[in-house]
Amino acid sequence: MGRYRIVSRLGSGGMGRVYLGRSPSGRGVAVKVVRPELADDADFRRRFAREVSAARRVTGFFTAAVVDADPDGSPPWLATAFVPGRSLEAAIRAGGPWGERPVLALAAGLAEALEAIHGVGVIHRDLKPSNVLLAEDGPRVIDFGISVAAEASVLTRTGMIVGTPGFMSPEQLTGKPVGPASDVFSLGAVLGYTATGANPFGTGSAHALNFRAVYEEPELGDLPPGLAVIRRCLAKDPDQRPAVGELLDQLAAAIAEGDADGDERTAVLRAVRESTWPPAAAPGPAHGTASARAEQQRLLASALRALLRHRAAVQEQRRVAAAELRSLSARRAAAAEVAATAAEVAAAAPAPVPAPQPPPQRPRPPRRQPPTPTQRPTRRGALRTLLGAASVVAIGGGGALAWRAFAPEDSGETRAARWDIAPGGALSPPAVAGETVYFGDEGGFLHAVNAASGEERWTFPTGGGVAEPVVAGGVVLVAGGNGILYAVDAASGVERWSFPLNGEAAPALVAGGDAYVSVRDVGVLALGTESARERWTVPAGGAMTPVAAVGLIHVPTSDGLVALHPATGERRWTFASTAAATPAAATGGVVCYATAGPDALLYAVDASTGEERWSFRLDGDTAVSAPVAVDGAVYVGGAALCALDAATGDVRWERSPGAAASPAAVDGAVLVPDAEGRLRALDAEDGGPLWSFTGGDAPLRRPATDGGTAYATSEDGRVYGVPLA
């Protein structure tokens, strides 16, 4: 925007969206971009240009200065100094109300900011806790000097009032002339909120808050004597409120009463500059009995949530430790058995070794009731028993079968990462396009980093949750924890559009210029990727990420697999089974998906007709990764990683240990993430080890590949770029 590079979105409001930007020299700025409906209003543009010109003359220490603007731009925008710090609203929500002296220090800083703003003829009109940022050296007032531009604009013509319920003055709400006294009223409401932890005019609808602000007295409880000035600021009559200069004198006197050193001016300066922002919550109960009870309940609830999170974390640590101990014991037992068998073989007299017999094929059971194999153990089975955790691979050639045994330690060449970064928190599986890697974190941010170096390019807030991105056509699609699907420009990180999904969504499928999104308890939606226009919705319980094949969209659901027409959503066929547990994969006219439970199966269904091609029994006691289908093979991970022929279901090879997440197939190799923080590359032909990479101890997510590099994220917040060759 202008000469500023947009890095991420900070928030939005009635005037537009706010982004974090960087100047050419690297200085941080907050860029506010005006909403389109306002930008199209000629009256608004004139007022906006006039008010921005005035706001640029504000130089008060406790304000975020306007550093640049383009009122004639398309759209109009302005940039202010970026203030690193949380808002007053967030601080009160997190820590509760403040004590008397911190409130006085805050009041002095805000009053001085208003004095500077009013000094150039600007009225703020929307002073509220979220427009006060708490920097390390004191509060900063933001968003001054632009709200007035919306007066008599398209907003007010459609019945909207510029301002925030609970913090607007009576004259603002009743359409009377608005002057500096209106900002003083808003200041009183902000200070009342800070001192009590609640809005002075209560909660409820905007109409209820506005009515109380005009006709009822504020609820402030038993304020300390030093904070009595708050009530004067909240007088209904503007003439009864103190002017800003008078207010500063009263605050200075109240602060100086608790400061024996120096005069009032020095006391105020010391109070503001020496305060910790945000300060600690007020000691003891909050002012007013009702506020005290509410605060105690909030603290108890917060403590309980923390305790439950801690307990869950301890239980998970114990589970992981027990699993690691069992795995170690099994490996030791297998090694001991191999050693004992080798000793027996060495001690025995030499004898001709019979040629190995072909192993029995793993039976392909009928759907729903797979039978238990009853064949006698073959030489292959005996060898697997002897080797324990080792893997045995059958290699066909010239009509004969040869056997190769791979011990767990045989992982091929060891590789190091080209780069690794630690954004922190659990991360989603990555996506890669061009020269950028994209991934989500549990804090609700979508990240874009340089694929060659891991250097961050931009971040975008998604509303919470670990969001898995999908990249197509220069757009990143990601479903936030707030139930909204965002389309983000892949190059800049700027939002192109958003669409409410009203539920938890699986990663989208993009095919033919449309996005197909499975939403829990809703079904499958088809949206245009350019404009978020909804094309159709098909109800489907338990829907998972679909796959496109033979001109149809195939969706695993709680009732099996459903094939839909991409243009209309019309059902072409349904393959009934127990509930799907994984997304679908397709290759060679076959769609595969897995079910869960004791009778877990991997199904292969004809993509055109919906007829079953084959099914393969899975270990129902082991979590199964989503299948990956490519070049006529299907790879599915559980206790072991299996490679199956997509046309027949025959086992090509098996390899232990299995995959902790879905593998990836690229250039004749299968990349397998495991629970011990390793990424193993296996030969796609026979499952033999090619190379391995070890990150940390945390399990890795499904990798993504592009340009000779594999990218993997972990559950402990790390991202790795690993060379493929």
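Residues are numbered from 1 along each chain as its sequence is written. In this predicted model, local features need pLDDT of at least 70, side-chain atom pairs count only at pLDDT 80 or more, totals for chains, interfaces and linings use all residues, and side-chain values use heavy atoms, with hydrogens and water left out.

**Exercise 1. Find the buried residues of helix 3 and state what covers them.**

Step 1. Helices (H or I, at least four residues) and strands (E, at least two) are DSSP runs, numbered from the N terminus. Helix 3 spans residues 88-95.

Step 2. Buried means under 20% relative accessible area, exposed over 50%, partly exposed in between (1.4 Å probe, protein chains only). In helix 3, the buried residues are Leu-88, Ala-91 and Ile-92.

Step 3. These residues cover an arc of only 95° around the axis, so they sit on the same side of helix 3. The arc is that of the directions from the helix axis to the C-beta atoms.

Step 4. The cover includes helix 4 (100-118), strand 6 (132-135) and helix 7 (180-196).

Step 5. Look just past the helix. Gly-96 follows helix 3, and its phi is positive, near 85°.

**Exercise 2. Sort residues of helix 8 into buried and exposed.**

Step 1. Helix 8 covers residues 206-215, and Leu-209, Asn-210, Ala-213 and Val-214 are buried there.

Step 2. Their arc is only 130° around the axis, which puts them on the same side of helix 8.

Step 3. His-207 and Tyr-215 are exposed, on the other side of helix 8.

Step 4. Helix 6 (170-173) and helix 7 are among the elements that cover the buried residues.

**Exercise 3. Name the residues that touch the most other members of the largest nonpolar core.**

Step 1. A nonpolar core is a set of buried Ala, Val, Leu, Ile, Met, Phe, Trp, Tyr and Cys residues joined through side-chain atoms within 4.5 Å.

Step 2. The largest core has 61 residues, and Leu-88, Leu-106, Leu-187 and Ile-230 touch the most other members. Helix 4 gives the most to this core, with 10 residues.

Step 3. Take Leu-88. Contact means heavy atoms within 4.5 Å. Beyond its neighbours within four places in sequence, Leu-88 contacts Trp-98, Leu-106, Pro-129, Val-132, Leu-134, Val-190 and Thr-194.

Step 4. A second, separate core has 16 residues, including Ala-600 and Cys-642.

**Exercise 4. Count the disulfides, then check two cysteines for burial.**

Step 1. A disulfide is a pair of cysteine sulfur atoms within 2.5 Å. By this rule the count is zero.

Step 2. Cys-233 is buried, at a relative accessible area of 0%. Cys-592 is buried too, at 1%.

**Exercise 5. Give the strand order of the open four-stranded sheet.**

Step 1. Two strands pair if DSSP finds at least two bridges between them. The order is 16-17-18-19, with antiparallel pairing.

Step 2. Strand 16 (470-472) and strand 19 (495-500) are the edges, each pairing on one side only.

Step 3. Strand 17 (residues 475-479) and strand 18 (residues 484-489) pair over five bridges. Val-475 stands opposite Asp-489 in strand 18.
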